[in-house]
Amino acid sequence: MKQTVYVASPESQQIHVWQLERNGHLVLQQVVDVGAQVQPMVISPDKEWLYVGVRPEFSVIAYRIAPDDGSLTEAGRAALPGSPTHLSTDKTGRFLFCGSYNAGCVSVTPLINGLPQPAVDIINGLDGCHSANISPDNRTLWVPALKQDRICLFTLSDDGALIPQTPAEVRTVEGAGPRHIVFHPNRQYAYCVNELNSTVDVWELEDAHGDIACVQTLDMMPPEFTGTRWAADIHITPDGSHLYTCDRTSSQLSVFSVSEDGSVLALEGWQPTEIQPRGFNIDDSGRYLIAAGQQSHHIAVYEITQPAGLLVEQGRYAVGQGPMWVLINAR
């Protein structure tokens, strides 16, 4: 298995492409000068395309991924209705979703032969829209509206339209600020990191009454922390055994163990990391976590140790200026 790491650095307008070795070391493969502020990224389900959201001319760029070394070649682009904050795709690779925090909207972009087309649907009125997350069954799009303390729920139609579900939303506690979401591999639970109070909510996708219910909320910060809470990202290991979040003010990663059925999180500890960690990710083997420091201009590689999932640093590497997005592609 070959694994390629992509790091987006908007201040220097670059994507750094690295090869992840089996021992956790990184080898620089390519530096792509994007010519725009590159921010959110997502890899297509077939692992043949990298989609990148850029500003100030709001658009998505499609890069073809070379099968041998993971290097990138630009192949096309399409306009977006707002400044891209988060990109994702459906499970089939037919549609790309863009959440825009500043525009307060989520949009749907068709993908034809891997290339983005004009948007076919735009939902407005989502103040602080921070991500768009398709459910494991490829049916429901979860869209957190951070400033409204709600997660909107849409059914994805065959032609890419977003249809409000019944109920059309679930609510967090006031002032939580829901931001990013991941799903457990068993498809029964979702986990949402809340930016403004640095907590994690566990959502049961269907309870005994057929409803979506919040079954647990955990504080991700140490008891002695008194600064401004500013959570950013969340990821789960491929086997669903451990979950990680990051907070930018404290420059640390929080480590959670996950119960076998996915319903309960337990906080295991904290790992100091690069300054202002805006984004991180976990490799396909579940052995390594890579975090980017938006103010340190470096990425750090950690080994995930068992049984608690605590992190041991393996090395750090200079990247572009202001790195904020990390993706790992296994082929």
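Y6 stands opposite V17 in strand β2. Strands here are DSSP runs (E, at least two residues), numbered from the N terminus. β2 covers residues 14-20 and is joined by seven bridges to the antiparallel strand β1, residues 3-9; two strands pair if DSSP finds at least two bridges between them.

Please note that this is a predicted model, in which local features need pLDDT of at least 70, side-chain atom pairs count only at pLDDT 80 or more, and totals for chains, interfaces and linings use all residues. Residues are numbered from 1 along each chain as its sequence is written, and side-chain values use heavy atoms, with hydrogens and water left out.

β1 and β2 belong to an open sheet of four strands, ordered β3-β2-β1-β29 with antiparallel pairing. At its edges are β3 (26-33) and β29 (325-330), each pairing on one side only.

I turn now to S44, in the loop between β4 (37-43) and β5 (49-55). This residue is buried, at 6% relative accessible area; buried means under 20%, exposed over 50%, and partly exposed in between, with a 1.4 Å probe and protein chains only. Beyond its neighbours within four places in sequence, S44 is in contact with W49 and Y51, where contact means heavy atoms within 4.5 Å.

Two residues other than glycine have positive phi. Which loop holds N113? N113 lies between β10 (105-112) and β11 (115-116), with phi near 55 degrees, and is exposed at 73%. S198, with phi of about 50 degrees, is in the loop between β18 (189-194) and β19 (199-204) and is buried at 0%.
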